[in-house]
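Biologist: I would like to learn how to read a structure of this kind, one feature at a time. Could we look at it together, starting with the contacts?

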Amino acid sequence: MYGSRGAGVFAGRRMSAVVLGAALLMTGCSSSDGGDGTDEPADAGAGITQQPKEKAPFWVNPDGIAAQQVADLEKSGKKREAEQIRKIAEQPVAEWVGPDDPQQQTRGLTEAADKAGRTALLVLYNIPHRDCGQYSQGGAADGDAYRDWVDGVAAGIGDRPATVVLEPDALLHLVDGCTPQQFHEERYDLLKGAVTKLKSLKNTKVYLDAGNAGWQKPDQIFEPLNRAGIAQADGFSVNVSNFYSTEDSIAYGKRLSAKVGGKHFVIDTSRNGKGPYTEGKPDERWCNPPGRSLGETPTTKTADPLVDAYLWVKKPGESDGECKGGPKAGQWWADYALKLAKATG
């Protein structure tokens with residue numbers, strides 16, 4: 001662990017949203033108008049619709065885990081709690097592609113998004129030797145397995161619109177020494193290959209993850225970005241699953257952009273409304289910190305022309321790991337989700 005901890009918190013990723021995304025299309029369920037003339041799949045009872053496309057072109061999953069929580073709370077008569085969780089459920093959040101059958105997963109998600117007239121927001125987090133054996137250890141068995149997995153992702157996306165955040169923490173862990181040296185060359189090759197594969201698709205944008213403002217060392221990560229194929233990518237992502245303010249994230253991203261050819265970037269604002277946690281053990285401040293809140297809602301209307309979007313990459317309400325009383329990384333933690341929402345103005 002280290003103080004500028006990035007994203008490595010996503011083991012045990014729930015697959016219900018993925019399965020439901022495909023099922024919505026295959027079962028021929030009824031549709032409702034999202035207010036912009038676009039038919040979209042009906043949800044399972046929470047009344048979740050799409051955000052206006054001009055504000056946020058990304059897909060809101062009407063059957064995501066937060067939407068299910070809203071429906072359950074309403075059925076239980078807990079209207080106030082339901083309205084708080086609705087703050088999360090009604091926003092487009094990224095779908096993390098799991099290790100099994102990536103082609104079916106990404107096809108279901110991109111088809112559902114495309115039917116709603118929106119863009120699927122996906123995260124690929126399956127690099128071999130992921131998270132250095134920590135909370136989210138795992139990933140593909142080896143380089144060949146990872147290449148096959150990326151091929152499956154690409155086949156599932158096809159020509160449908162998608163925005164992909166590629167491998168949170170993968171480069172940062174090369175720079176900070178967390179990933180053993182013998183895996184470095186392969187990782188660069190895998191990341192560059194993934195960028196090339198995904199950018200061969202007609203309507204896919206790719207952002208390589210580049211750490212967060214707590215890192216404060218763009219001089220050490222810009223060359224790894226170059227080696228990983230940033231020139232071919234659309235840009236990079238910052239603050240994934242972290243809490244640094246949007247202002248600090250923009251400053252960090254602009255310093256890094258200047259060193260990689262002026263590339264644009266996206267910022268994870270899912271939980272950065274009150275900035276980073278500064279108490280407790282420095283090496284665990286990133287993990288389920290108390291007193292945080294939701295940040296700016298997803299949008300392409302940002303404060304700087306280099307910032308393509310504010311995104312909710314980390315799903316608010318999912319645990320960072322078994323710390324501070326949380327469940328396993330990636331599992332929904334209803335109490336934490338409620339606290340994030342209540343702390344948000």
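Modeller: A contact means heavy atoms within 4.5 Å, and in this chain residues 24 or more positions apart account for 73% of the contacts with a separation of 6 or more. This is a predicted model, in which local features need pLDDT of at least 70 and side-chain atom pairs count only at pLDDT 80 or more, while totals for chains, interfaces and linings use all residues. Residues are numbered from 1 along each chain as its sequence is written, and side-chain values use heavy atoms, with hydrogens and water left out.

Biologist: How many helices and strands are there in the chain, and what percentage of its residues count as buried?

Modeller: Helices (H or I, at least four residues) and strands (E, at least two) are DSSP runs, numbered from the N terminus, and the chain has 10 helices and 9 strands. Buried means under 20% relative accessible area, exposed over 50%, and partly exposed in between, with a 1.4 Å probe and protein chains only; of the 345 residues, 56% count as buried.

Biologist: What is the order of the strands in the open sheet?

Modeller: Two strands pair if DSSP finds at least two bridges between them, and here 7 strands form an open sheet in the order β3-β4-β5-β6-β7-β8-β9, with parallel pairing. Its edge strands, β3 (95-97) and β9 (307-311), each pair on one side only. From one strand to the next, the twist averages 30 degrees.

Biologist: How many bridges join β5 and β6, and which helix packs on the sheet there?

Modeller: Strand β5 (residues 162-166) pairs with strand β6 (residues 204-209) in the parallel sense over 5 bridges, and Thr163 stands opposite Lys205 in β6. Helix α7 (residues 184-199) packs on the sheet, touching β4 (120-124), β5 and β6, and its direction makes about 160 degrees with that of β6. Axes are lines fitted to C-alpha atoms, for helices over the stretch in contact, and angles run from 0 to 180 degrees between N-to-C directions.

Biologist: Which residues of β4 are buried on each side?

Modeller: In a regular strand the side chains alternate between the two faces of the sheet. In β4, Ala120, Leu122 and Leu124 are buried on one side, and Leu121 and Val123 are buried on the other. The strand β3 runs parallel to β4 and is joined to it by 3 bridges, with Glu95 standing opposite Leu122.

Biologist: Which residues of helix α2 are buried, and what covers them?

Modeller: An α-helix has 3.6 residues a turn, so residues three or four places apart point the same way. In helix α2 (residues 65-75) the buried residues are Ile65, Ala66, Ala67, Gln69, Val70, Ala71 and Leu73, and what covers them includes α3 (79-89) and α10 (334-342).

Biologist: What is the nearest side chain of opposite charge to Arg160?

Modeller: Lys and Arg count as positive and Asp and Glu as negative, with His and the chain ends not counted, and a salt bridge is a side-chain nitrogen of Lys or Arg within 4 Å of a carboxyl oxygen of Asp or Glu. Arg160, found in the loop between α5 and β5, is buried yet has no salt bridge, and the nearest side chain of opposite charge, Glu111, is 4.1 Å away.

Biologist: Is Asp148 buried or exposed?

Modeller: Asp148, which lies in helix α5 (residues 143-157), counts as exposed because its relative accessibility is 55%.
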